[in-house]
Amino acid sequence: MNDVHNFNAGPAALPKQALERAQKELVYFDGTGMSVMELSHRSDTYDRIHTHAIKKIRKLLEVPDDYHILFLQGGASLQFPMVPMNFLDQQATYILTGAWSEKALAEAKHFGKTVIGASGKDGNYKQIPALNQISEHAQDSYVHMTSNNTIYGTQWHAFPNTKAPLVCDMSSDIFSRRIPVNQFGLIYAGAQKNLGPSGVTLVLIQDSFLQRAKSGLPAMLSYNTFVKSNSLYNTPPVFSIYMLGLVLDWLEESGGLTEIENRNKAKAQLLYDAIDESDGFYIGHATQDSRSNMNVTFTLANDALTPMFLQEAKEAGFVGLNGHRSVGGLRASIYNAVPYASCEALVDFMKQFKNKHAEKGATV
């Protein structure tokens, strides 16, 4: 079977080296006579897998010593209510940049007062709010934001310095670039974009912020539970954490976050250039200053050509290029494991499609 060009938004492409190593170790792992998926999470063997993943996260992301590294379940969607359940006191400020920040806000409203500190909704989420447009309030328990917006293809390229602890959903761009971890009180991220398969959620939480967490919560919904148990309060997603460790090994071997950020910028620039130089045949959704290096969203000037584009792309070996159902159009998700060669192939296809259908694609 030939490889495809995988542009899925998540679960997304994984490094082939990590998959091949997992394939070799799948049935018999490290002399145990068992698969990783058969190991007890209380065993010494699994403890090494667990510890290895935590150490790699701290090293590659340069996580300060006063941050706890947790492995949770439920995806970012469970973090939407868990954050306010633990920390929302008088009120919390939410910055809206897309569907996921809207969902986080909706969940927070169940637990207390919320206010909107900035929003790009009126402009159909084409642009990230300017840092000086963000409103804060003295009574804020925290300020919540989403670093990258998969549906709309926008991304924060600098983060606000907030007076209240900054909480960030980084599900779709964590480990795609260097970030100032110490600027955040809490970071959470579903793994299925850049870190591994679905099933595990990474949480980084500063100890000073953790100390503000409420007591008397259900054990499985309290961050303190997982801090005290080293994320082993209940059975963790063993295989997902194992795969996360392999992906981080690949990332380190590839040159770390500085190198991967350079690669991601180069891939994104290649695609954005193809859009900008198409004489209006392709139209980017996001404004240039807000464009994401993870999710390139665009439409065709003649939307009637979109189904044809997707069908011909599928026949040519491209997967996952359809835009989110709430927006339509097209989207190429170019996470860490998507190779530059796949982006080159997509650009070639886009140019060929334009030349083939130019008479039907009214320019703007």
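User: On a 1 Å grid over the protein atoms alone, a cavity is a set of points where a 1.4 Å probe fits but cannot get out, and its lining residues have an atom within 4 Å of a point. How much space lies in the second largest cavity?

Analyst: This is a predicted model, in which totals for linings use all residues, while local features need pLDDT of at least 70 and side-chain atom pairs 80 or more. Residues are numbered from 1 along each chain, and side-chain values use heavy atoms, without hydrogens or water. The search of the whole structure finds 2 cavities of 30 Å³ or more. The volume, the space filled by probe spheres set on points joined across faces, edges and corners, is for the second largest cavity about 40 Å³.

User: Which helix gives the most to the lining of the largest cavity?

Analyst: The largest cavity, of about 50 Å³, is lined by residues including Arg 177, Glu 261, Asn 264, Lys 265 and Met 294. Its lining divides into 1 nonpolar, 4 polar and 3 charged residues. With 3 residues, the leading contributor is the helix spanning residues 256-276, H8.

User: How many residues of H7 are buried?

Analyst: H7 covers residues 238-253 and reaches 23 Å from its first C-alpha to its last, close to the expected 22 Å. Gly 255, with a positive phi near 115°, follows H7. Counting as buried those under 20% relative accessible area (1.4 Å probe), H7 is mostly covered, and of its 16 residues the buried ones number 13.

Technical notes: Helix = DSSP H or I, 4+ residues; strand = E, 2+ residues; numbered from the N terminus. Expected span 1.5 Å × (residues − 1). Buried < 20%, exposed > 50% of the residue type's maximum accessible area, 1.4 Å probe, protein only. 1 Å grid on protein atoms, 1.4 Å probe; cavity = no way out; pocket = protein on both sides within 12 Å on 5 of 7 lines; lining within 4 Å. Nonpolar A, V, L, I, M, F, W, Y, C, P; charged D, E, K, R; others polar.
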